[in-house]
Amino acid sequence: MRRHPSDVRLALCESWQAFGAAALLVRYGPDVPWPHASWAREAHGLLTPRLRSLVALARARGRIPSFLTAGATSRARGFAAELDGMGRVSAGLVRDELAREYPQGFADPLIAALARDPEAQLGYLAVELSRFWRSAIEPRAAGLARSLEEEILFRSRALAMGGGAELLRDLRVPYERTEGADRVTAVPMMFADGTCWWSVAGGRTVVSFPARGAGLLRTEPDRDGGGRPSREDRLAILLGRGRASVVRQLAAPTTTSALADQLGLAASTVSQHLAALVSAGVVQRHRAGTRVLYELNRSGLELTQCLTSG
């Protein structure tokens, strides 16, 4: 009989957001699929060899090093506090973890340097992560925080009503990631490439799951809402330019009034587009407090990915 975790929590971890962003860029280069395509073209040049090595370290088993996990297992709040916590990780813990992941030695010279002198190398890593965050993510940090907080609120309701085991099933966390664990923390990721990242730190198993809203890091949308779509814009050809612009904004949960402001369209026009998209079965709505939020459902995401891929 399977033993389910007795203590399941949700947490935000900004260092994992930075790691996920770097992992997307390492995997796809500047050609990251929608909804991160335009962001990736800007951010790809910000990757450093050290960040690439860190992603490669985790890629084989999907295990994020524990020294990047303090934000999910402590009361650290904000990226600066998480990096500060990383700087206090003991050298022995880093060496033990690297020896476990690389029992045959280190082919990557940057990982070998991390094993030789963890304190100095974690300092260099903190500087590079900070620069990457500041340039690649911080310009969109307000939208990132808003969507992640709404995700936590939504999932917290599911946790309260269905319990931890049910939540992990809903999040499609592979059972082997939490097998035998009593305490689990689930971290929503805005940068998700299909990998269920995991780690163990502070006596907790930490697992990632893709947040429902994943489109906020696009560049600003075209505000005119009209004009003739290009022949390459298959989504606009199918739906019309105005409705296509609404669909692209719905990768992140948002309200009718926010959509109208973002797109420069009348609220009544946006409402008509939303009603049609809900009826078509590609958009879902749910209430968060006094607000009604709209977002693409799985069918909508698959349709949009299909029509915006090369």
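Mentor: Four elements each bring at least two residues to the lining of the largest pocket: helix α1 (14-28), strand β4 (204-210), strand β6 (291-296) and helix α16 (298-308). Helices here are DSSP runs of H or I with at least four residues and strands are runs of E with at least two, numbered from the N terminus. Before going further, note that this is a predicted model: local features need pLDDT of at least 70, side-chain atom pairs count only at pLDDT 80 or more, and totals for chains, interfaces and linings use all residues. Residues are numbered from 1 along each chain as its sequence is written, and side-chain values use heavy atoms, with hydrogens and water left out.

Back to the pocket. α16 is the element that gives the most to this lining, with four residues. The largest pocket holds about 980 Å³ of space. It has 33 lining residues, and those closest to its centre are Ala-192, Pro-210, Ala-211, Arg-298 and Leu-301. By class, the lining has 18 nonpolar, seven polar and eight charged residues; nonpolar covers Ala, Val, Leu, Ile, Met, Phe, Trp, Tyr, Cys and Pro, charged covers Asp, Glu, Lys and Arg, and the others, Gly among them, are polar.

You will want the cut-offs. The search uses a 1 Å grid over the protein atoms alone: a pocket is an open set of points with protein on both sides within 12 Å along at least five of seven lines, a cavity is a set where a 1.4 Å probe fits but cannot get out, and lining residues have an atom within 4 Å of a point. Points are joined across faces, edges and corners, and the volume is the space filled by probe spheres set on them.

Helix α16 also contains Leu-303. With a relative accessible area of 32%, Leu-303 is partly exposed (buried is under 20%, exposed is over 50%, and partly exposed lies in between, using a 1.4 Å probe and protein chains only).

The whole structure has four cavities of 30 Å³ or more. The largest cavity contains about 90 Å³, and its lining consists of Arg-50, Ser-53, Leu-54, Leu-110, Ile-111, Leu-114, Gln-121 and Leu-125. Two or more of these residues come from each of α3 (49-59), α7 (109-116) and α8 (118-137). The classes here are five nonpolar, two polar and one charged.

Next, some helix packing. Two packed helices are described by the angle between their axes and the distance between the axes. An axis is a line fitted to C-alpha atoms, for helices over the stretch in contact, and angles run from 0 to 180 degrees between N-to-C directions. Helices α14 (256-263) and α15 (267-279) have axes that come within 9 Å and cross at roughly 115°. Thr-256, Leu-259 and Ala-260 of α14 make this contact with Ala-267, Val-270, Ser-271 and Leu-274 of α15; contact means heavy atoms within 4.5 Å. Five of the residues involved are nonpolar, two are polar and none is charged.

Ser-245, Val-246 and Gln-249 of α13 meet Leu-259, Gln-262 and Leu-263 of α14. That contact has three nonpolar, three polar and no charged residues.

Glu-97, in helix α6 (91-101), is buried at 6% relative accessibility. Ser-66 sits in the loop between α3 and α4 (70-73) and is also buried, at 13%. Beyond four places in sequence, Ser-66 touches Leu-93, Glu-97, Ser-199, Val-200 and Ala-201, while Glu-97 touches Arg-63, Ile-64, Pro-65, Ser-66 and Phe-67.
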